[in-house]
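Subject: A structure for you to look at

Hi,

Here is the structure I promised to pass on.

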Amino acid sequence: MSTKQEGVISKAKEKLKREVLDIENRTDISNDEKVARIIKIFATTCAAVAVQPIPFADIFVLTPIQAYMGTRIAAIRGVPVSEAKATTIIKELFGVVGLGMLGQNFVLTAYKIGVPFAGGFMTIPLVYAASYAIGKVIDYFFIKKSRNESINPEELKRIWKETLKKKKKEGKKIKDDIRKSRKAYED
């Protein structure tokens, strides 16, 4: 490996550490900004990963990514949890939010079965929006936990629905970016 390659890798590792792995220790931005950055990074990652054309695999691939997002949000909010605990919390929150997530997984699978390969790209806005909404719900949960306050199920549902609707539009905008990045990587 050349010195230039090593330098690029080193810079990438430092950025990853600063922007994701140790973001809770940063003092130059607010906790709300930290959470917003984490949610956007992980929602984009989930959308990019969901392009894979394998039906039914999304829940097994995306849930661990979303759980890790939960651990980062929890750390920022001062309630550190393990990835396993974050996965359990996500499942509990889905129980409260309703069947929206289950319906989303059926839609993702239908796209991938009905339109193999292209179906993955069609799911980008939905996966981005759902992952973003998961992040917002998790953030609400950990804010309440950090204050020892009760969690309002109706507020969770409201956050889920509003974020999902709002972020689908943003997901459509990043679809082309993800497609271009993937094409550049494959070339």
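This is a predicted model: local features need pLDDT of at least 70, side-chain atom pairs count only at pLDDT 80 or more; totals for chains, interfaces and linings use all residues.

The chain has 8 helices and 0 strands, so its pattern along the sequence is simply α-α-α-α-α-α-α-α. Of its 187 residues, 42% count as buried. The accessible surface comes to about 10,600 Å², and carbon and sulfur atoms make up 59% of that. Among contacts with a separation of 6 or more, 68% join residues 24 or more positions apart.

Now for the rings. The structure holds 3 aromatic pairs, including the tilted pair of Phe42 and Tyr68, with 5.8 Å from centre to centre and 55° between the planes. This pair links distant parts of the chain: Phe42 belongs to helix α2 (residues 31–49) and Tyr68 to helix α3 (residues 58–76), 26 residues apart. Phe42 counts as buried because its relative accessibility is 7%, under the 20% cut-off. Tyr68, at 25%, is partly exposed.

Another tilted pair is Tyr128 with Tyr132, at 5.9 Å centre to centre and 45° between the planes. Both sit in helix α7 (residues 124–146), and because they are 4 residues apart, about one helical turn separates them. Tyr128 is buried at 0% relative accessibility, and Tyr132 is buried at 10%.

What sits over the ring of Tyr132? It is the charged end of Lys167, 4.2 Å from the ring centre.

Happy exploring!

Terms used: Residues are numbered from 1 along each chain as its sequence is written. Side-chain values use heavy atoms; hydrogens and water are left out. Helices (H or I, at least four residues) and strands (E, at least two) are DSSP runs, numbered from the N terminus. Buried means under 20% relative accessible area, exposed over 50%, partly exposed in between (1.4 Å probe, protein chains only). Contact means heavy atoms within 4.5 Å. Accessible areas come from the Shrake-Rupley method with a 1.4 Å probe; for residues, only the protein chains shown count as cover. Rings of Phe, Tyr and Trp (its six-membered ring) pair if their centres lie within 6.5 Å; planes under 30 degrees apart count as stacked, over 60 as edge-to-face and the rest as tilted. A charge sits over a ring if NZ of Lys or CZ of Arg is within 6 Å of the ring centre and within 35 degrees of the ring normal.
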